[in-house]
Amino acid sequence: MSENMIYLDRNENNYGPAPACYEVLKTADLTLLSWYTKAFERGVKSILSERIAKDFEIEESRVALGYGAEDLLKQIVQCYLGADDKLMIPSYSWWYYKKIADEVGGKNVEYPLIKGKNEFYYDVDALLKLYEQEKPKIIFISSPNNPTGNSISKDDLHLVLEATKNTIVVLDEAYVFEDDHKYVNNLLNKFDRLVVVRTFSKYFALAGVRIGYAVQGKEFSELTKFTQRYLGFNRLSEEIAIAALNSPKYYKDVASKMNEDKELFYKELNALDDFNVFKSDANFILVEINPEIKKPLKEFLLARKLSIKFMNEEVLNSHLRITLGTQEQNKLLVEAIKEFASVKI
Ligand SMILES: Cc1ncc(COP(=O)(O)O)c(C=O)c1O
């Protein structure tokens, strides 16, 4: 990491976790580090899976823990996708989605998203047409999606789940910026082959702790066996995660600051000629730029120690993705981009 560089390029949460998370580290009972968890004596995997099960009002056996959402997506694919089986993913998506089927000799089928003027949309008709045609083993839906920032509406999600009932649907909610359980509980009780993946990396600002979880519909006995870990998980990380879950006020404040700053980016950057900002439900925004300014803008920002992500994928190569930083960092970035635009004119 370069000194004083402001990193707004990897969708981390620069506010950092709730103070209670640091308190766990300061006051940790270090003697516990030598011992496996005793949670299994109560018939559960860990104190964290137990807590998540309580929050979502489902049996603990329907919660899987992993090293981040990345690990859980990988485990789901390893468990259910055989060689030559198909995985359906959005055409604009997190780069890892495009690699994951290949890890087991499977194949990708990409369904389109609709690109509107200032927003991307899920195209349910196109998705379901492709589903009928390709008969995938697993469908990934990312909501909010990375890097487009759009979510699937609850009605559209229902339509997809109703029409694909016998297929495993993975709803990746890594970027959900609230800690809402009720609608997930309703979906999981209705759709047996739905699994919802979440993480502590984004909303809870604990990317370095590497914890994600999957909450499952009723037909995931194979995944339950596959993800089982008889000796438990990282005891310290679990306690930090629970401290985060117990700090809703801190995280709601952060989320509302981020919402304010999204408005700042929409207003300020959309007023510039070479920039078009897409609406986002996540902690980042996608911006389409005039391709001619890509290289000079990158150099201009790096000289000011501001690192954002310039997309290189074929379908999005005149776009950049800005991870929202703190309010101070966001103001600096907006001012720097405005300065760049004024110099260029
Ligand atoms: C859409 C999406 N899902 C999942 C992840 C994985 O997050 P983690 O493994 O930190 O939980 C990422 C990481 O950026 C992501 O963009």
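**Reading a strand, a sheet and a domain contact**

Analyst: Gly212, Ala214 and Gln216 point one way from β10, while Tyr213 and Val215 point the other way, and all of them are buried; a residue is buried if 20 or more other C-beta atoms lie within 10 Å of its own, exposed if 12 or fewer, and partly exposed in between, with C-beta atoms placed from the backbone. This is a predicted model, in which local features need pLDDT of at least 70 and side-chain atom pairs count only at pLDDT 80 or more, while totals for chains, interfaces and linings use all residues. Residues are numbered from 1 along each chain as its sequence is written.

User: How many of the residues of strand β10 are buried?

Analyst: Five of the five residues of β10 (residues 212-216) are buried, and the strand is mostly covered. Helices (H or I, at least four residues) and strands (E, at least two) are DSSP runs, numbered from the N terminus.

User: Which strands pair with β10, and in what sense?

Analyst: Strands of a sheet pair through backbone hydrogen bonds, either parallel or antiparallel. Two strands are taken to pair if DSSP finds at least two bridges between them. Here β2 (residues 63-66) pairs with β10 in the antiparallel sense over four bridges, and Val63 stands opposite Val215 in β10. Strand β9 (residues 194-199) is also antiparallel to β10, over five bridges, and Val215 is the bridge partner of Val196.

User: Where does Tyr230 lie, and is Tyr230 buried or exposed?

Analyst: Tyr230 sits in the loop between α8 (221-227) and α9 (235-245), and Tyr230 counts as exposed because it has 7 C-beta neighbours inside 10 Å.

User: Which residues come nearest to the ligand?

Analyst: Being near is a matter of distance: a residue is near a molecule or strand if its C-beta atom, placed from the backbone, lies within 6 Å of it. Of the 13 residues around the ligand, Gly68, Ala69, Glu70, Thr199 and Ser201 come nearest. Helix α3 (residues 68-80) gives the largest share of this shell, three residues. By class the shell has four nonpolar, seven polar and two charged residues, where Ala, Val, Leu, Ile, Met, Phe, Trp, Tyr, Cys and Pro count as nonpolar, Asp, Glu, Lys and Arg as charged, and the others, Gly among them, as polar.

User: In what order do the strands of the five-stranded open sheet run, and which stand at the edges?

Analyst: The order is β1-β13-β14-β12-β11, with mixed pairing. At the edges stand β1 (6-8) and β11 (275-277), each with a single partner strand, so one side of each is left without a neighbour in the sheet. From one strand to the next the twist averages 30°. Within this sheet, β13 (residues 306-310) and β14 (residues 319-323) pair in the antiparallel sense over two bridges, and Phe310 stands opposite Leu320 in β14.

User: What does the domain assignment give, and how many residues does each domain bring to the contact?

Analyst: Domain bounds come from an automatic or database domain assignment, which for this chain gives domain 1 (6-16 + 248-344) and domain 2 (19-245). Their C-alpha centres lie 27 Å apart. The contact takes 23 residues from domain 1 and 21 residues from domain 2, two residues being in contact if their C-beta atoms, placed from the backbone, lie within 7 Å. On the side of domain 1 that touches domain 2, α10 (248-270) and β12 (284-289) each supply at least two residues, and α10 gives the largest share, four residues.

Note on methods:
Axes fitted to C-alpha atoms, helices over the stretch in contact; angles between N-to-C directions.
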